[in-house]
Amino acid sequence: MKQTRLQIFGTLGLALLISSCSGLDKMKEAAKQIQFKVDPEVLEAHQGKVAMSFTANVPAKMWDKKVVAEITPVLTYEGGQDAFPAINVQGEAAQSNGQTISYTNGGQIKYPKQEIDFKDAQRVSDLIVRIKFTRGSKSFEVTSKDLQMPALAKGVIATSTLLGEQPGVSASSKDKFVRDNVEEKVAEIVYLINQAEVRGGQLKKEDVVAINNYIKELNADEKKSIKSIAISAYASPDGSTDINTKLSGKREASANKYLANTLKKAKVDAQVETDATPEDWDGFKKAVEASDIQDKDLIIRVLSLYSDPDVREKEIKNLSAVYKVLAKEILPGLRRSTITVTGELKGKTDDEIKAADKNSLTLEELLFGATLETDADKQIAYYDAAIANYPNDYRAFNNKGVALYKKGDIDGAKAQFEKAEAVNAAPEVENNLGVIALAKNDINAAKEYFGKAAGTGSALDENLGVTALFEGDYEKAESYFANSTSCNAALVKILLDKFDAAIAVLNANNEETGLKYYLKAVAFANKKDKDGALENLNKAAKIESKWKSYAKTDMEFYAYFNDSNFKSIVE
C-alpha cells in the first residue's frame, strides 16, 4: 500500500557532533542536523517481511574527513529489537568502502531498500538508527534514541497478515441423490408373418412376465406409482403398405386387449397410450447395422438412396441372396408390439432420511443427509456410515475432511483427504489438499495441488487468489478474485489502495464476521472517513472482541489513537 494516507512523516534531526580538525572526544561540541526521510513513511509488512529505505542529507563542512560511520537501522519494540543490514559512510580521507561525504560540500546518504522478517510485536515499534563512529583507533556508538530524537518511523502496518483470518476454501464432493426416480420396463410380443394374434407362448416370455409383475408392484407399493403405459405396434417393411397398415393396427389392438385384461386382473386403473407403425424402416436399419450380415453396408446404402418404401423393398428384394438372410434373421423380430411401463419411485423425505437408521440408507441418501445438517459432528456421523458401508467411494472421505477442516482440525482433515485421494484423485480432493498446504504455509505444495484441481470451480479461483496474496502478487490475486465477495477479495483491494472497490465487495458479502467489518473500517480509515471507520470497527468489536486489542495497536488507525470515540471502542 502507498502510505500517503496516514501522513506520518519520518524525519529525524540527528545530532552528530563532529569537528573536522579535532578528535572524537570533541564531536559533541559542534552539533549539526542530518535530516532523514524514510520510504515508506509508515512501514508495512508484505510476504512476511518489512522493507524500507531512507535518504539523509548531510550539510556542508560537517563530516570529518577521517571519520567512518557504521549506520544500522533498528526496529525496536517491547521485549526486543530487529536490526536491518548496516551500511558504511565515510569522510574523504577515510580508508573504507562506504559512501563518501564531502567535508566541503556535504552530501546525501542513501540507504538502499532492505528487509527483515516481520514479527507481530513490530506493529507497535520505533525505527531508530544506531551509529558507530570511528576515527583512527578511537570510536563510540550512539543511537537516535540516546539523543532523544523522534523515531524515523513509528509502527508497522500489518494489514496483509489478515490474509490468514480467512483460510482457503475447501470443496465438497456432490451427491447424486434424486428424491423421485423414474424407471422403465419394456416387453415385446412377437407375431408370425401376416398375423396379429397374441400367442400363448409369448405371454410366458421372461420380459412379459416381468412387466406384469412390475405393474402389480407399482400398484401395491405406496411409494411407487405408474407414470405411464404405452403400446407401440409394428409391421415389418415387407409386403404392401396397405396390408402392413392394417396389420400393424390389428397388432396394436390385440396387444391393447391383452394388456387391458392384465390391468383388470391386477385391479389397476391406468390409461394406455397406443400407436402403430405400418412399416418399421427405422427398426429395420438398426437391426441390420447391429447384425453381421455380409452385405449390410449395401443394404444401408439402398435405404439412404431411396425414401419411397415400395422402391426400397423392391431394391432390397433384388438382392436375392441377401434378402433370404433378411427374411430369416431380421424381419421376424420387427413383427411385434412393444409394451413400455414407466414407474415413478418416491424417495425418502428429508425428515425420513434424518430419522432413519444410517446403516439402512443408500450411499447417495447418506451423502445427501449430511447436507441437511449444519453441525459438523452430525455431518460426520453420516460420512462415517458411508465410509463403513461404501469404502470404495472417495466422496465420503473427502466430505468428512471438509467437515473436520471447518472445525479447525487441520491434521484430521488432511488424513481424510489423503484417504480420498487414494481412492480417486478427483479435482476437489486435490483442491482440498492444496488448502491444507496453505494452512501449513507450504505455498509450493499448495500450488502443485491446485495445478491438479481444474474443474473445482469458484473454490479453486479463491484459493489461487489466496496463493497469489501469499506471494505478494496482488494484481494477480485480484484477477482470481474477479467475481468473489470474500474478505480476501476485499483485502487485496485494500492492499492495492482500491478502497471504494473493497467496500463494494464487503457490502456484497452476506457473512456476519468480525473480519468483514474490520476490513471495512480499514478501508474507510484510508479514505479518511472517520465516521465510517469507527462505525464498522465498532461492529467488528461487537462480533469478535479480539478486534478491540488488535485495532488499539493497528497503525491503520493511528490518526484516531487519541480520539475518545476510538478509545471507547477498543478499551
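Mentor: A salt bridge is a side-chain nitrogen of Lys or Arg within 4 Å of a carboxyl oxygen of Asp or Glu. Please note that this is a predicted model, in which local features need pLDDT of at least 70 and side-chain atom pairs count only at pLDDT 80 or more, while totals for chains, interfaces and linings use all residues. Residues are numbered from 1 along each chain as its sequence is written, and side-chain values use heavy atoms, with hydrogens and water left out.

Trainee: How many salt bridges are there by this rule?

Mentor: The count is 31 salt bridges. One of them joins Lys546 to Glu165, whose closest N and O atoms are 2.7 Å apart. Lys546 lies in helix H21 (residues 546–552) and Glu165 in the loop between strand S13 (156–157) and strand S14 (180–190), so the pair ties together parts that are 381 residues apart in sequence.

Trainee: What counts as a helix or a strand?

Mentor: Both are DSSP runs, numbered from the N terminus: helices are H or I with at least four residues, and strands are E with at least two.

Trainee: How are two packed helices described?

Mentor: One gives the angle between their axes and the distance between the axes. Axes are lines fitted to C-alpha atoms, for helices over the stretch in contact, and angles run from 0 to 180 degrees between N-to-C directions. Contact means heavy atoms within 4.5 Å.

Trainee: At what angle do H19 and H20 cross?

Mentor: The axes of H19 (residues 514–526) and H20 (residues 530–543) cross at roughly 160° and come within 7 Å. H19 and H20 are therefore roughly antiparallel to each other; angles under 35 degrees count as roughly parallel, over 145 as roughly antiparallel, 65 to 115 as roughly perpendicular and the rest as oblique. Among the residues in contact are Tyr517 and Phe524 in H19, and Asn536 and Leu537 in H20.

Trainee: And what about H9 and H10?

Mentor: The axes of H9 (residues 363–371) and H10 (residues 376–389) come within 8 Å and cross at roughly 165°. H9 and H10 are therefore roughly antiparallel to each other. Their contacts include Leu363 and Leu366 in H9, and Tyr382 and Tyr383 in H10.

Trainee: Changing topic, is the peptide bond from Asp39 to Pro40 cis or trans?

Mentor: That bond is cis, with omega near 0°. Pro40 lies in the loop between strand S2 (31–39) and strand S3 (43–46).

Trainee: What is phi of Gln47?

Mentor: Phi of Gln47 is near 55°, a positive value in a residue other than glycine. Gln47 sits in the loop between S3 and strand S4 (49–58).
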